[in-house]
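Here is a short report on charged side chains. Please look at the sequence and the model first.

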Amino acid sequence: MNQGLAQFSQRARERRAELVAHPMYRELLTLDDLRRFMESHVFAVWDFMSLLKRLQQLLTTVTVPWVPALSPRVSRFINQLVLDEESDSDGIGSYASHFEIYRRAMIEVGADTLYIDAVVRSIQNVGSWRPELVPEPARSFVRSTFALLQVGQAHEVAAAFAFGREDAIPDMFRALIAALDHQNPGLLKHVRYYLERHIGVDETEHTPMAMAMVEELCGDDEDKWMDATRAVDAAVEARLQLWDGILVKVARQRSSTRLVAVQAPMPAPARVVALPSRRR
């Protein structure tokens with residue numbers, strides 16, 4: 001293992017441990033907490049696909065006339081990933097993107113899809129996303145993603161994709177499932193399918209291929225490994241800030257709920273009505 005790869009791998013492990021240790025996983029205790037989480041996290045599910053599509057542009061051939069990709073091995077991985085993420089088995093006998101499966105899960109638990117639906121419609125209508133449609137803390141997170149997509153080179157985008165997203169997902173989602181186990185799991189069919197599907201696919205297939213992709217793109221170039229390390233740092237930091245922001249929203253919702261409960265008027269005592277005695 002060259003020095004750049006060794007340092008990169010160590011840094012990626014350290015940052016991943018930070019994500020998994022975040023207190024948010026221990027704070028998702030109720031269905032209301034889960035709703036607040038999903039209303040922000042859905043934007044990470046959505047912009048993940050833009051990361052993937054950018055890699056598809058950079059590392060495969062999506063133009064006409066066609067020419068062979070620079071690396072058939074990397075091209076194979078990217079195209080397989082697009083197939084899995086954009087048209088996976090949806091658990092109910094058909095196919096859907098992971099984003100669409102996630103949105104179904106939001107509806108299942110009663111989370112608000114108003115904001116993410118507005119963003120998707122805006123893109124469909126005008127071809128670009130409007131930051132003002134995305135509520136914080138998701139807005140800052142999405143901005144960081146698209147900043148990377150605008151200026152990042154292939155190895156930087158691949159590193160952020162692999163270790164800021166894919167590599168961290170299995171442990172992150174295990175922690176989330178553990179937090180939900182005290183609830184009625186049978187009532188969270190789409191949520192659990194989404195999470196468990198990601199754990200299975202990402203850990204056994206996507207993460208090893210993603211690491212191989214980063215290794216091939218960086219090779220023995222120490223500068224590229226440094227670029228990749230910085231990209232991972234930025235991606236993980238953005239995710240940690242997203243988690244911090246979600247915690248604030250969860251806490252604010254709890255405070256609001258308690259305040260409403262305290263201020264609610266006490267029910268009036270029931271009137272006792274004397275019933276006429278029944279003649280025998």
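Asp227 and Arg230 form a salt bridge, with 2.6 Å between the closest N and O atoms. A salt bridge here is a side-chain nitrogen of Lys or Arg within 4 Å of a carboxyl oxygen of Asp or Glu. Both residues sit in helix 11, three residues apart, about one turn of the helix. Helices are DSSP runs (H or I, at least four residues), numbered from the N terminus. Asp227 counts as buried because its relative accessibility is 16%, whereas Arg230 is partly exposed at 48%. Buried means under 20% relative accessible area, exposed over 50%, partly exposed in between (1.4 Å probe, protein chains only).

The model is predicted: local features need pLDDT of at least 70, side-chain atom pairs count only at pLDDT 80 or more, and totals for chains, interfaces and linings use all residues. Residues are numbered from 1 along each chain as its sequence is written, and side-chain values use heavy atoms, without hydrogens and water.

The structure holds 17 salt bridges. Arg254, partly exposed at 24% relative accessibility, takes part in these two:

| Pair | N to O distance |
|---|---|
| Arg254 and Glu27 | 3.2 Å |
| Arg254 and Asp33 | 2.6 Å |

The Arg254 and Asp33 pair links distant parts of the chain, helix 11 and helix 3 (residues 31-59), 221 residues apart. Asp33 is buried, at 3% relative accessibility. Glu27 is partly exposed, at 31%.

Asp220 lies in the loop between helix 10 (189-218) and helix 11 (222-263). At 67% relative accessibility, Asp220 counts as exposed.

Definitions and conventions: Helix = DSSP H or I, 4+ residues; strand = E, 2+ residues; numbered from the N terminus.
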